[in-house]
Amino acid sequence: MVSQDQAAAPTGAAQRALAVFDAALEAAAVLAMLASACIASLQVFYRYVLESALPWPEEVALWAFSWGVFLGTAVLVGRNGHIAIDLLSRFLPARAKAWHSFFTATVVSAASIMLVIHGYDYMTRTMAVSPAMQWPIRYLFLAVPVGGILNLFYVLRRAGPPWLGLATVVAGGLLYLAVRHAAPLLYGESSSAAVLMLVGLALILLEVPVAFALVFGAFAAFSPLGGTMLLIVSQNLASALNSFTLLAIPFFIMAAAVMNAGGITARLVDLATHLVGHLRGGLGQANVVTNTLLAGVSGSSSADASAIAKLLVPEMERRGYARAFSCALTSAASTLANLIPPSLGLIIYAALASVSVGALFVATIIPGLMAAAALSIVVYLVSRQKGYGADIPRSTGRQRFMALGHAVPALLLPLVIVGGVRFGVFTATEAGAMAFAFAIFTGALIYRQLTARSFIAAVREATFDTVAVAIIIAAAAPFAWILTFEQAPQKIAAALGALSENPYVLLLLINLFLLVIGLFMEMIAALVILVPILVPMIVAAGYDPVQFGIVLVFNLVIGALTPPLGMLVFITSRVGQADIGAVFRAVLPFLGALLVVLLLITYVPALSLGPLRWFGP
């Protein structure tokens, strides 16, 4: 006798059809990201090779990027791959975990239903056309309801009994209706900002994926304001991605992935080992130097942490270093990717705070190198205490010269990126596109390690890393809008100002606040939430927004090393197969060193702003 679950299960033909659909959707998202990179590179080619300009590349690249993000969002829903804060579920028993999973999926469903209903409503009301291609803007905003429908499609296909997905979507619909119609009765229009903060942050702490927690929080906040105001959620979601600066994110992430696949990372490790491997704690010093060199070409801490952990942690253990120490050092050193240009954190800050990417890149050079030096000092001190290293023979001049020659292509890229952006040769986005093209050229033609298979795998991985970040930025746009609308930054600034009129004490309070936030929130999510609140406040206090961007990002990357979130520690522990608790204990000396550097760059503006005077206004 056939059970109901078996009868409801997809047939072989249906499973094959679903597999084809999944592959097609994934390919569409990847191709959209690739297209945006190729189009941005085309603009640079036309400008400098053909000495002409095209009117449409920026616009078409942005449309491809936006559609790629919303299509990729649905793929990540199917994979359960969205960024969420793992605080609660690890402590729950199995039965409670099942209910918790049902709850988080219900919120995802409710947020997706909101995107479908109000996204379609906004799309049909939009009458404008794009300036270059004269395309109806409604087709750009159509990505929002289409993405919502695809999200629901993947929720319906949740693992477990076939009825579970349907029950989740129905529960999401009921939750949507309850909030939509009960919100005006429970709280008024003046409570929108408070509701947004409470609902959004509570859902994040309950492990709802950050993007959907922010979308649902915005929906709950706007519900008492009426249906027309709910259109703002969809409008902000799509408009937030319509930023040419944000296109730098997928380009640098793809560049980092291709560099790892094409052998560039291995060349940098080899160079670092030849330079400092003979010192006390030599492989540890090589770890720091490698991350410093790689930071100048990748911009992604998570990518660097994973790549270096694969390459160096096993070798460090083989030479007598504790596995926990090796993973802790790799975690701490991978923060340099966001402290040395090109930094994805600084690019996102620049887009949100409307400051110059080039100025941020130049201003963070000294703080980033200070952080690298501080980590090297800790490696030396711990290695002396534990007896690590000093067992690698000093490399000859010829060996160092050969290693340098192999690494030259990778070493030139940071100079091109920072100099080109700073002096207006190309934008940060175009720099990312050129870095991607350079990584392909170097890996395929110079090092000859990049194959078609490894290239496709790298771009596929990078696409969905990009989607996970970009959808949070989009989801935070309504959050920022309502905070600005209700003057929340001014109110918070007044509250902090009341605590102390001394600017030094105010900066200390802000640093402590950011360090606490970093304990519980991933850097990208924290940036998109905090920048609209804090930047107006620090500008009013007379603090330079360029320097504050570096302080803000520095605080938040420290949060990537601290429990309970500690993303970089989790990455290196998983890749290096080390005990997470032991790695968190081993990372404490590195945290202390980074905190000292943070205080210096907070209270000594010349460390950040001095290089801006050297390189011109």
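**Helix packing and burial in a predicted model**

The model is predicted, with local features requiring pLDDT of at least 70 and side-chain atom pairs pLDDT 80 or more, while totals for chains, interfaces and linings use all residues. Residues are numbered from 1 along each chain as its sequence is written, and side-chain values use heavy atoms, without hydrogens or water.

Val421 lies in helix H19 (residues 397–422); helices are DSSP runs of H or I with at least four residues, numbered from the N terminus. Beyond its neighbours within four places in sequence, Val421 is in contact (heavy atoms within 4.5 Å) with Val357, Gly358, Phe361, Val416, Phe426, Thr427, Ala428 and Ala431. The C-alpha atoms of Val421 and Ser356 are 9.5 Å apart, with a sequence separation of 65 residues.

Helix H16 (residues 344–353) and helix H24 (residues 523–540) have axes that come within 10 Å and cross at roughly 35 degrees. Axes are lines fitted to C-alpha atoms over the stretch in contact, and angles run from 0 to 180 degrees between N-to-C directions. H16 contributes Gly345, Ile348, Tyr349, Leu352 and Ala353 to the contact, and H24 contributes Met523, Ile524, Leu527, Val528, Val531 and Val535.

In helix H12 (residues 264–276), the buried residues are Ile264, Thr265, Leu268, Val269, Leu271, Ala272, His274 and Val276.

Conventions:
Helices (H or I, at least four residues) and strands (E, at least two) are DSSP runs, numbered from the N terminus. Buried means under 20% relative accessible area, exposed over 50%, partly exposed in between (1.4 Å probe, protein chains only).
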